[in-house]
2 protein chains.
Amino acid sequence: MRVLAVEDDQRIAADLKTALEAAGFLVETCEDGEDAWFLGDTESYDLVILDLGLPGMDGLSVLKKWRANGRDMPVLVLTARGAWTERVEGIDAGADDYLPKPFRMEEVIARARALIRRSAGRATALQSAGELTLDANRMSVAIRGVPVPATALEYRLLSYLMLHRERVVPPTELLEHLYGDDDAREANALEAVIARLRRKLGPGVIGTRRGFGYFLEGSGA
Amino acid sequence: MRVLAVEDDQRIAADLKTALEAAGFLVETCEDGEDAWFLGDTESYDLVILDLGLPGMDGLSVLKKWRANGRDMPVLVLTARGAWTERVEGIDAGADDYLPKPFRMEEVIARARALIRRSAGRATALQSAGELTLDANRMSVAIRGVPVPATALEYRLLSYLMLHRERVVPPTELLEHLYGDDDAREANALEAVIARLRRKLGPGVIGTRRGFGYFLEGSGA
DNA sequence: TCCGACCTGACAGGACGCTGACAGAGAGCG
DNA sequence: CGCTCTCTGTCAGCGTCCTGTCAGGTCGGA
């Protein structure tokens with residue numbers, strides 16, 4: 001899961017990054033409204049966390065421009081305490097949720113997870129496809145109920161496939177969401193991760209559609 | 001849009017009903033946990049607004065039981081001020097959003113709209129012509145509902161014919177679309193692909209109009 | 001009947017994806 | 001600070017499946 005955190009206070013930004021990464025997200029940060037707009041418009045994120053008070057371009061304007069361009073990733077807005085009119089404005093501008101400052105990191109994590117789940121139309125933290133089950137709270141993986149140790153990278157991969165379980169996910173898209181654009185890896189890195197996961201999970205969990213990409217077996221068709 | 005508001009404080013419940021109805025929703029209210037569980041489990045709502053402090057059955061338990069039964073309508077949870085652990089619990093139990101009391105009615109409306117907007121969508125990318133069905137999500141092909149293994153190239157060919165099912169597609173156009181201009185193949189390459197496909201799909205799926213091109217049978221052409 | 005358009009089976013080269021080995025980076029720890 | 005252990009990207013090699021080509025065969029129209 002790839003997250004963009006837009007926050008000009010460097011201390012808060014660093015805390016966000018740490019907490020989100022500990023929760024298994026791939027985090028990119030950005031401190032400026034113009035940069036944020038550009039990144040959100042050109043890159044593909046599963047979630048954006050957006051501070052409203054920004055240098056460069058105001059957060060609300062950034063959000064409105066994204067929505068006007070048809071970008072529909074979930075956006076979690078950070079507002080100053082008590083500025084509830086700002087919150088309503090934010091939601092009307094297309095935000096999916098807001099959080100008043102100061103906030104607990106636990107809350108950010110919980111809301112981030114909820115937003116990502118909801119953007120896929122699912123409700124609970126426990127998700128399964130076939131014999132595979134992911135627990136977003138514990139970042140744990142189980143096959144037929146038996147826990148399987150998985151590294152952070154492996155979990156990210158599985159959780160992205162789970163989020164898009166109804167379709168075949170192209171390797172380029174997986175690479176982008178696992179690593180981000182800045183440090184691209186060779187396609188083979190992905191194959192290596194898949195191979196290691198398959199060894200752990202056994203056959204019949206991760207499927208390949210040659211020429212198209214990967215998918216979770218037993219999830220619909 | 002049909003909304004269930006679960007709230008034991010009658011004054012708040014009335015305010016909610018008024019505000020939501022003014023915003024164009026069809027609102028039903030309920031003051032008791034047991035009733036709420038029954039209604040949410042048997043009726044179909046576009047949104048549920050759920051107070052956590054309830055007589056009868058606790059709001060969190062109601063929510064969990066709904067989710068356990070596979071009910072996945074969006075749920076907006078109302079929590080006491082400052083009880084952020086409760087909020088995190090609520091979200092983990094499957095809530096899609098929460099709102100701390102006291103709240104402004106404008107906020108409820110805005111969030112209700114956002115939640116319903118989010119939960120919409122989700123289209124299946126199925127296309128069919130005659131007895132042939134293509135699933136753009138799974139990149140899969142089925143004939144009379146029976147899945148047929150198809151390679152990437154074969155799928156691309158079928159999907160192009162499907163896109164232009166109302167007309168006969170000339171071989172030159174198919175070649176161009178399948179391979180691009182740069183590396184052209186002999187016309188026979190296309191014929192080979194068609195032949196392999198016909199063997200898999202059986203007769204009466206891909207038609208030939210001698211001297212003009214190919215088309216999908218049973219699709220008006 | 002003749003010709004060109006199209007079909008088909010066989011085949012080989014190659015693209016694609018999988019795997020095991022290896023090493024560098026980083027975290028944890030004494 | 002140095003050691004160890006885990007994680008993970010890279011590389012090389014391998015097997016499998018795909019697919020273009022070729023050499024015929026078949027069909028349809030004039």
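Modeller: Strands (E, at least two residues) and helices (H or I, at least four) are DSSP runs, numbered from the N terminus. This is a predicted model, in which local features need pLDDT of at least 70 and side-chain atom pairs count only at pLDDT 80 or more, while totals for chains, interfaces and linings use all residues. Residues are numbered from 1 along each chain as its sequence is written, chains are lettered from A and ligands numbered from 1 in the order in which they are written, and side-chain values use heavy atoms, with hydrogens and water left out.

Biologist: Where is A:Asp51 placed, and why does A:Asp51 count as buried or exposed?

Modeller: A:Asp51 belongs to strand E3 (residues 47–51) of chain A. Buried means under 20% relative accessible area, exposed over 50%, and partly exposed in between (1.4 Å probe, protein chains only); A:Asp51 has 5% relative accessibility, so it counts as buried.

Biologist: What makes H3(A) a helix with its buried residues on the same side?

Modeller: The buried residues of helix H3 (residues 59–68) of chain A are A:Gly59, A:Leu60, A:Val62, A:Leu63 and A:Trp66. They cover an arc of only 160 degrees around the axis (the arc of the directions from the helix axis to the C-beta atoms), and therefore lie on the same side of H3(A).
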